[in-house]
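Subject: Structure for your review

Dear colleague,

Please find below the structure that I am handing over to you. I would be grateful if you would read the notes that follow with the structure open beside them.

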Amino acid sequence: EESLPILQAKEKDASSYGTGNRKDLPANASPEKCDQVRQLKYPTAVYLVLGSKFFESFAANGVRSILALYLRDSLNLSESLSTTVLHIFNFFSQFCPIFGAILADSYFGNAKTIFYFLIFYAMGFIGISFATMPFIKVSLDIIVFLSLFLISVGNGNIRACITSLAAIQFKLPEQKISLQKYFSHYYFVYTMGILLSKVITPSIRGLSGNCYGMVFGFLATMFLGCWITFLIGMFFYKKEDVNRQNILVQVVGCIWYALWKHIKKENVHANWLDSSIGRYSEEFVRDVRAFLRVLRLYLPLPIYWALLAQQDSSWTFQATKLDTTLFGWRLEPDQVKAMGPMLLLLIIPCWQNVVVPLMLRSTGCQISPLFSVALGGVAAALSFICSGILEVQINKSAPESISFAWQIPQFFLLMMGEVLLSIPGLQFSFTQAPATMKSVLTASWFVNNAIGNLIVVLITELKLTSSQSCEYFLYSFLMICGITCFTFMAGNYDTPAAPPEPLPEKYIILTAEKSDKAASV
């Protein structure tokens, strides 16, 4: 699964977005200003970006939905190897946004970066659609794996750019409210794309008699819709100014320079990072230090993403052993996981609009973001205890004698973990990080997801357990250990009295020759 998008550096200062309609205007606003705000419409380019994102999320998550079963049933891979391939696919999708963000910020801009990587995307869908056609009688496994790699690279690199592309289409500060609505629209469109892909794609697979050529061809058609919609938008997107100094590269450079000074024992400062002052401005080093304080809280969390990612792998294989009949209609095993986004769409409004206000009114207490993250980790751990218990019962029973409804508790708990951990954790990190570091935080969040998929690969390939049920219990134990470490770290986290002040738009990097001049900027 993708994570929720965060604003990138170009939209970094939420407090400076300004106004979006007459309610946001000051009381003494001129009539001309009011008329100008009234005339501003929701940008046409944003509609096209949202449409493109819907098709793209449908196509990408459609591949994820059926990939594990395709690898097992058509390529005759074992369940463990199929799981490994799926999570390697997810790893590249989650790790590549770093490179997409660098290319967009420093070289091409968002629109051109998306355009170039859509070509990789298209090559992947063409390759896998051709290789899985029923009239192809020779083995084209190499083409299949190469195509999956191209799809994951394309998906990952445009993921970091597409949110920003739409956000910069708004005229600020006049369209603050429209911009806020856009992020709600984005999440709705993205979630609906995932939900429909998990329902429709497995249906096509089942109705076609496991003709994966037809399935991948359908997903390629959905991707074509994404590409056409995006290309139409090229006539409407605003021209982008590219800043050659990428903040992510600067942060890495600052940390590396300070570490090198520390290793060479040339650090004379109380804090090791301060040794980079002189090459980098004092304000920038201060912001990097604040960012690292937030990043430290991420360290125990990759195991959570390892659990969340297994809806498309081990939980799908578990569904193949269950009776998937619903009111006389037989669901496909890879359709069962559609419970995830369905439950998420139900839990989020219920939690935010009913549970939280009721708790506040009845007890006067509000769950802090860090405590919410800890509760979310516990919920995720409990979900895998449920899946482990269910696996034990499956092994004791006749094939397909247990209803898939017994998977509902584990999906509910995992989605509850998503609401309690992912959303508050993301919001907390975003508000605590300096304004200049938010794009770097975006990259770090994606990397956290990527590491979670690597954990699944390692545990699967090392075969640390003797059975699938024991593996579920192992993941639950690791989640409890991770969230325990997080709780101790969160207890030692000191929330700043005031949010860090943002740097100017151009970040100051001091060279040996220009240090005096830059320091005075």
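The notes below describe what was found, beginning with the whole chain and ending with single residues.

Please bear in mind that this is a predicted model. The protein chain contains 18 helices and 2 strands. Of its 521 residues, 55% are buried.

The largest nonpolar core comprises 135 residues, and Phe125, Tyr182 and Val251 have the most contacts inside it. Helix α2 (residues 44–73) is the main contributor, giving 14 residues to this core. Because domain 1 (40–236) and domain 2 (296–493) both supply residues, the core lies between them.

How are helices α14 and α17 packed? Helix α14 (residues 369–396) meets helix α17 (residues 468–491) at an angle of about 170 degrees, and their axes are 8 Å apart. Since an angle over 145 degrees counts as roughly antiparallel, α14 is roughly antiparallel to α17. The contact of these two helices involves 18 nonpolar, 7 polar and 1 charged residues.

Helix α4 (residues 97–108) has several buried residues, including Pro97, Ile98, Gly100 and Ala101. Just after α4 comes Gly109, which has a positive phi of about 85 degrees.

Two residues other than glycine also have a positive phi. Glu400 has a phi near 55 degrees and sits in the loop between α14 and α15 (408–432). With a relative accessible area of 38%, Glu400 is partly exposed. Lys463 has a phi of about 50 degrees and belongs to the loop between α16 (438–462) and α17. Lys463 counts as exposed, because its relative accessibility is 55% and the cut-off for exposed is over 50%.

Finally, which residues does Glu332 contact beyond its neighbours within four places in sequence? They are Pro202, Arg205 and Gly206. Glu332 lies in the loop between β2 (329–330) and α13 (339–363). The C-alpha atoms of Glu332 and Leu207 are 9.7 Å apart, while the two residues are 125 residues apart along the chain.

Yours sincerely,
A colleague

Notes: Residues are numbered from 1 along each chain as its sequence is written. This is a predicted model: local features need pLDDT of at least 70, side-chain atom pairs count only at pLDDT 80 or more; totals for chains, interfaces and linings use all residues. Side-chain values use heavy atoms; hydrogens and water are left out. Axes are lines fitted to C-alpha atoms, for helices over the stretch in contact, and angles run from 0 to 180 degrees between N-to-C directions. Helices (H or I, at least four residues) and strands (E, at least two) are DSSP runs, numbered from the N terminus. Angles under 35 degrees count as roughly parallel, over 145 as roughly antiparallel, 65 to 115 as roughly perpendicular and the rest as oblique. Ala, Val, Leu, Ile, Met, Phe, Trp, Tyr, Cys and Pro count as nonpolar, Asp, Glu, Lys and Arg as charged, and the others, Gly among them, as polar. A nonpolar core is a set of buried Ala, Val, Leu, Ile, Met, Phe, Trp, Tyr and Cys residues joined through side-chain atoms within 4.5 Å. Buried means under 20% relative accessible area, exposed over 50%, partly exposed in between (1.4 Å probe, protein chains only). Domain bounds come from an automatic or database domain assignment. Contact means heavy atoms within 4.5 Å.
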